Amino acid sequence: MASANPITSEMKPAILDEVDPVDIPRPALVENNRSFSWITEKICGIVEEKTPTWWWVCFVIACATASFTVFGLIYLVASGTGVWGLANPANWGWAIVNFVFWIGIGHAGTLISAILCLLRQKWRTSINRAAEAMTIFAVVCAAIFPVFHVGRVWMAWFLFPIPNANAIWPNFRSALLWDVFAVSTYGTVSVLFWYVGLIPDLASVRDRAKNKIRQILYGFFAMGWRGSNRHWRNYEMCYLILAGLSTPLVLSVHTIVSFDFAISLLPGWHTTIFPPYFVAGAIFSGFGMVLTLMLPLRAIYRLEDLITQYHIDCMTKIVLATGSMVGYAYSMEFFIAAYGANDFEIFAFVNRAFGNYAWAYWIMISCNVISPQLFWFKKIRENTAWVWIISIFVNIGMWFERFVIAVTTLTRDWLPSSWGYYSPTIIDIFTYVGTFGVFSVLFLLFLRFLPLMAMAEIKAVTPQADPHKH
Amino acid sequence: MAKQHGLIARFDTPADIMRAAEKVRDAGYKNWDVITPFPIHGMDPAMGLKRSLVGRFTIVGGSIGITTGMLMIWFTGGSELSLPFMDGYKLIVGGKPFFSPQFAFPVSYELTILFSAFASIGGMFILNRLPQHYHPFLKYKDVAKGTDDSFFLYIENEDPQFDEEKTRSLLDGLSPTEVGELED
């Protein structure tokens, strides 16, 4: 009988007769030895049960918050971009900061789905569905800003290479246009990847549907999936290919977003560290948001057996690692400015720490550099309340990072006669706060109608799924 | 009375259905399938299936993507060609070259990925012949278990080797939990 041990008796070194190799058990990905049907029942049960009261309360608050964005944008289009705080010299203010913030958050979802898949990190299976949904909704919130910041939004379609009456084509040398293609591709591929992952789970919900409407709606989107292994074969290949495509996508999209700044010549922006720095920062903020979302859900839906301490450990360690990379990038920027003996670059960094936006800089440093370092301590990683609080700080810090980058350089560039001070207007603030409402509305709808975890994938990584076990 | 589509056996563990699939493959059947709620590692060789062809679609999509990107950028900003409804216009930007693969790369790269993704997914659906909202298994009484926690193996009547008695005894010999019929 063939055993799983690849060492055959001809290959066995003599030492193995004397030594007994330890069988180190891997941490359980699903605790309490839950069965496949328990997993199906747990996740489908959330979709099938009556809408809980807390959901309605959150939904109403989210809609009210989202209305800020709606009214803010209507007022902006009706009155003009003067209602925002943008003015010389800071012609990029909250809009670009919010855009980069939301896109960065989105990147964690793709990392979890794609990169962790390629790295065979099986723990990704309980968070990937919700993280991918987070990505899509974050891209929606992000896209609001470049579309509306153009002022004459009805001409925003000029950004695409479509023939127009003015016979103008877009300028393909501009990083802003690269952004258009990068973010559009990112949004599209994220939706497709998420949907492809959903198909087998939609089939599960369809097969359990008690009324005809549910059966037809879920059935339509399930494409007639029946679990055939001939289908799984092509499906798994497609999934792997999408993971392989999404990996360079996530790296390139935030690289191109960083190019918005890096391909300019301004001090504090024109540095080659920007692409990896932005990508690490995006993953950092994204995992912060994943933790912010998943920890309350874990408590509310009693998902402790599916999102275990091991999962939380892995996520917090990634936050720690990427936070350290971001901290390293801050110090490198500063060092290279000093070492490069470029007076303008040196001034840019001294100004960030001690100039008139120093308050923003130090919030950024304490939230991004100091707070994730707490994750070195097991006691903190095991305390979900602390983990959640730190994840909030991570997001606050990352918003301030983009703010500091954009605004300090613009308000203190080459000529002192160009210097100024940027403040957001109340419209800026409400439009931004409202995007959290937009995100929440979409996420709540996702929780209500779609299976929030990848049931088929979770089942596949349980020990019971191993065909060589019995 | 509906015509019989095939015979179906139900199993409860991945190991059981793997062994069963190997036996059916070795018996030489061609029109048969295995239903699982998740992909089982090693089931493809157990069924005698070869590598999936989705990758061929991907490479075609990606090639179209990069070509489209470079061509579009060259045409719009690097040429003065005149096509129906569109003219190229050599945009002067600081005296820089009208076309260069370097500046054209980011957009072409994104289009490569986009078209590859569309091609992969389209290829997967085409190869799987999905959407297919009608199939005899979807009418089976235990269909919900196929996407939940049970594993099925069915052999179709259409198979040249199919014989009601012999196939049924083969299936019985695999120690399933249950053997039933699929109707057309």
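Two strands are taken to pair where DSSP finds at least two bridges between them, and the strands themselves (E, at least two residues), like the helices (H or I, at least four), are DSSP runs numbered from the N terminus. In chain B, Leu7(B) has Ile155(B) of β5(B) as its bridge partner. The model is a predicted one, in which local features need pLDDT of at least 70 and side-chain atom pairs count only at pLDDT 80 or more, while totals for chains, interfaces and linings use all residues. Residues are numbered from 1 along each chain as its sequence is written, and chains are lettered from A and ligands numbered from 1 in the order in which they are written.

## The sheet of chain B

Chain B holds an open sheet of four strands in the order β2-β5-β1-β6, with antiparallel pairing. The edges are formed by β2(B) and β6(B) (178-183), each of which has a single partner strand, so one side of each is left without a neighbour in the sheet. From one strand to the next the twist averages 25°, where angles run from 0 to 180 degrees between N-to-C directions and axes are lines fitted to C-alpha atoms, for helices over the stretch in contact. Helix α6(B) (residues 164-173) packs on this sheet, touching β1(B) (4-11), β5(B) and β6(B), and its direction makes about 10° with that of β1(B); contact here requires C-beta atoms, placed from the backbone, that lie within 7 Å.

| Strand pair | Sense | Bridges |
|---|---|---|
| β2(B) and β5(B) | antiparallel | four bridges |
| β1(B) and β5(B) | antiparallel | six bridges |
| β1(B) and β6(B) | antiparallel | six bridges |

Within these pairs, Val34(B) is partnered by Leu153(B) of β5(B) and Asp33(B) by Tyr154(B) of β5(B), while Gln4(B) stands opposite Glu183(B) in β6(B). Burial is judged by counting other C-beta atoms, placed from the backbone, within 10 Å of a residue's own: 20 or more make it buried, 12 or fewer exposed, and numbers in between partly exposed. Six of the eight residues of β1(B) are buried, so this strand is largely enclosed by the rest of the structure. Both faces of β2(B) are covered as well, with Trp32(B) and Val34(B) buried on one side and Asp33(B) and Ile35(B) buried on the other.

## The contact between the chains

The contact draws 61 residues from chain B and 56 residues from chain A. On the side of chain B that touches chain A, the elements giving two or more residues include α1(B) (14-26), β2(B) (32-35), α3(B) (54-78) and α4(B) (101-128), and α4(B) gives the most, with 16 residues. By class, the residues on this side of chain B divide into 38 nonpolar, 17 polar and six charged, where Ala, Val, Leu, Ile, Met, Phe, Trp, Tyr, Cys and Pro count as nonpolar, Asp, Glu, Lys and Arg as charged, and the others, Gly among them, as polar.

Helix α8(A) (residues 229-262) and α3(B) pack at an angle of about 35°, with their axes 9 Å apart. Asn234(A), Met237(A), Cys238(A) and Ile241(A) in α8(A) meet Val54(B), Gly55(B) and Thr58(B) in α3(B), a set with four nonpolar, three polar and no charged residues.

## Helices of chain A

The expected span of a helix is 1.5 Å times one less than its number of residues. Helix α5(A) (residues 128-149), with 22 residues, reaches 32 Å from its first C-alpha to its last, close to the 32 Å expected, and 17 of its 22 residues are buried. Just after α5(A), Gly151(A) takes a positive phi of about 90°.

## Backbone exceptions

Most residues other than glycine have a negative phi, and most peptide bonds are trans. The bond from Asn88(A) to Pro89(A) is cis, with omega near -5°, and Pro89(A) lies in the loop between α3(A) (53-79) and α4(A) (94-118). A cis peptide bond also joins Leu130(B) and Pro131(B), with omega about -5°, and Pro131(B) lies in the loop between α4(B) and α5(B).

Met223(A), which is not a glycine, has a positive phi of about 65° and is buried, with 20 other C-beta atoms within 10 Å. Phe85(B) has a positive phi near 70° and is exposed, with 7 other C-beta atoms within 10 Å.

Definitions and conventions:
Two residues are in contact if their C-beta atoms, placed from the backbone, lie within 7 Å.
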